[in-house]
Amino acid sequence: MRKNSDRFSYYAMILPGLVLLFAFTFVPLFYSIIAFQKFNPALGIQGSPWVGLDNFLYIFRVRDARQVFYNTIFIAVMKIVLLELAAITFALLLNELRYLRVKRAVQTMVYLPHFLSWVILAGILRTILARNGLLNDFLGLLGIAPVYFLGRPDVFPWLIILSDVWKEFGFEAILYLAALTAIDPTLYEVAELDGANRFQKMWYISIPGILPTIVLVASLSLGGILNAGFDQIFNLYSPIVYSTGDILDTYVYRVGLIQGQYSIGTAVGLLKTVVSLILIGISYWFAGKFANYRIF
Amino acid sequence: MVYSKRLQDRIVDWLIAAFLLALGISTLLPLINTLAISLSERAAVSGGMVKLWPVGFNLTAYDYILKDVKFWRAFGISVLRVVLGGLLNFGLAILTAFPLSRSEKAFPGRTVFVWLFVFGMILNVGIVPWYLTIAGYGLIDSIWALVLPGAVPIWNVIILMNFFRNIPKELDEAARIDGANPWQLLWHIYLPTSLPALATITLFSIVGHWNSFFDGLILMNNPDNYPLQTYIQQLVIADRPILHGGQAQLMAKLSNATLNAAKLFVAMIPILMIYPFLQRYFVRGIMLGAVKE
């Protein structure tokens, strides 16, 4: 009866995790039904009136909400594209670098921002991006008049996209660097004997070598196109740039928690959750099919 | 001909090295600018004169922070959440990953549980129901609100589960023959073998706990319970004056910009301190995530 006591041990081990998973992930799912109510905290879930799909119909009618969907997808997609391009370029260049000490120093510098919070980085960026900040000084050298970056709706999304690339490109490159080190070195030696130059080796060996990783990252990132980066935008935006900078998560926070329209906030959140789940499902399917990826 | 090709090659090497070094340094320029501002005098800062080197070097801002009770209270709360949250993440990752790494035969229901956790990970219900749940448990203004909701680090569980499954079965069987039960197996075989993986995921949870501000913002009603990132967010980003107690007399000597820069920098120090360890482990950590079967 060894087996039974073993099983008992396994159940005992997993119990705390299951309880917490239930309490903090599945109970909130139950609370999501207030998306179909006109929820009033004083009345609770039992007492609040049911309104069917009214909250969802409301979301589709309001122009704000549609704009917010658009902003979210635009920022998220541009982030993914530019971040991966920057990371791939950086990884390819770093791979060409022969001075090991320089290589290590560069890596130490570019990985650091990944580990700092957006609160800290936004505090820093607000100073850099001010009228008399570092970036305007630099643009001044090029003869460009000072820009108030954080107050310009046309500039703001790009500021979000590019500052995210700045924070993450180094760290994102680690995946590609790993893929590059896994390439068989004899391939390069043979190419050398055939008279290939540096660029040809990169084009015909390095890039095909990391192609599976690129496909994998592209597939998996599909699941994130409704996540445009709450922490970052929340700490950098202001009412002046809501028209282009407001995203689903910031909208839900303001409408749902600040204005206290719990049901509307929940409905937007639920819509996002359902669409995200479908996208993540598709992205895992893609990743499994084209890059042979399984999470477990 | 051969020589000139080599020279050309070397020039390209130098150019790449120079470009990447410049890129690396420019990545850090914003941080250097903040450090310089925190060490400069008021007039120079408000005049926008401070770039990469302090103007009118002084430590007034740091001196002020040292005596700032509210800052250190928030710092203490952050340390507490890192310790509590880190320990919970560590313990629960191991306890959850180990049974999930067993075969369906040894642990019936294993596959269902794995799917439950994966589903829980990708399911993100939105902050309103999340908030209502935690408020419903009466956790508002409690430190547990900052550590319990994320206590099971599901992504880490999956990484660790995959890692456990890659440990040679022979070790397992040998211990079995010696009569080890699952707890002994975990303690004597699996934990010692997976120390690097555990170090990696623990460092990542520490960084995550130190950096998070949003849960503190919505789950703490009393600003005295804010962790450091939330405190800084309110002070520097939202510019809430409620938090600046008795600062008026100091403003003559100190600009807000200087003080804020110094606070940002002090909040960065713990991350800078563990950064060398992080760097040693995170490459391996990322690879762990990619491990299959």
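Two residues are in contact here if their C-beta atoms, placed from the backbone, lie within 7 Å. With that in hand, welcome to a short tour of this predicted model.

Let's start with a phenylalanine of chain A. Leaving aside neighbours within four places in sequence, A:F286 is in contact with A:S219 and A:L222. A:F286 sits in helix 14 of chain A, which covers residues 262–291.

Next comes a phenylalanine of chain B. B:F107 belongs to the loop that joins helix 4 (69–100) and helix 5 (110–122) of chain B. B:F107 is buried, since 22 other C-beta atoms lie within 10 Å. Which residues does B:F107 touch, not counting those up to four places away in sequence? They are B:P99 and B:R102 in chain B, together with A:R7 and A:Y10 in chain A.

| Pair | Apart in sequence | Apart in space, C-alpha to C-alpha |
|---|---|---|
| A:F286 and A:A105 | 181 residues | 36 Å |
| B:F107 and B:W144 | 37 residues | 31 Å |

Finally, here is how the two chains meet. The contact draws 71 residues from chain A and 78 residues from chain B. On the side of chain B that touches chain A, helix 1 (residues 2–38) of chain B gives the most, with 16 residues. That side of chain B is made up of 57 nonpolar, 17 polar and four charged residues.

How values were computed:
Residues numbered from 1 in each chain as written. Chains lettered and ligands numbered in written order. Predicted model: local features only at pLDDT ≥ 70, side-chain atom pairs only at ≥ 80, totals over all residues. Helix = DSSP H or I, 4+ residues; strand = E, 2+ residues; numbered from the N terminus. Nonpolar A, V, L, I, M, F, W, Y, C, P; charged D, E, K, R; others polar. Buried ≥ 20, exposed ≤ 12 C-beta atoms within 10 Å, placed from the backbone.
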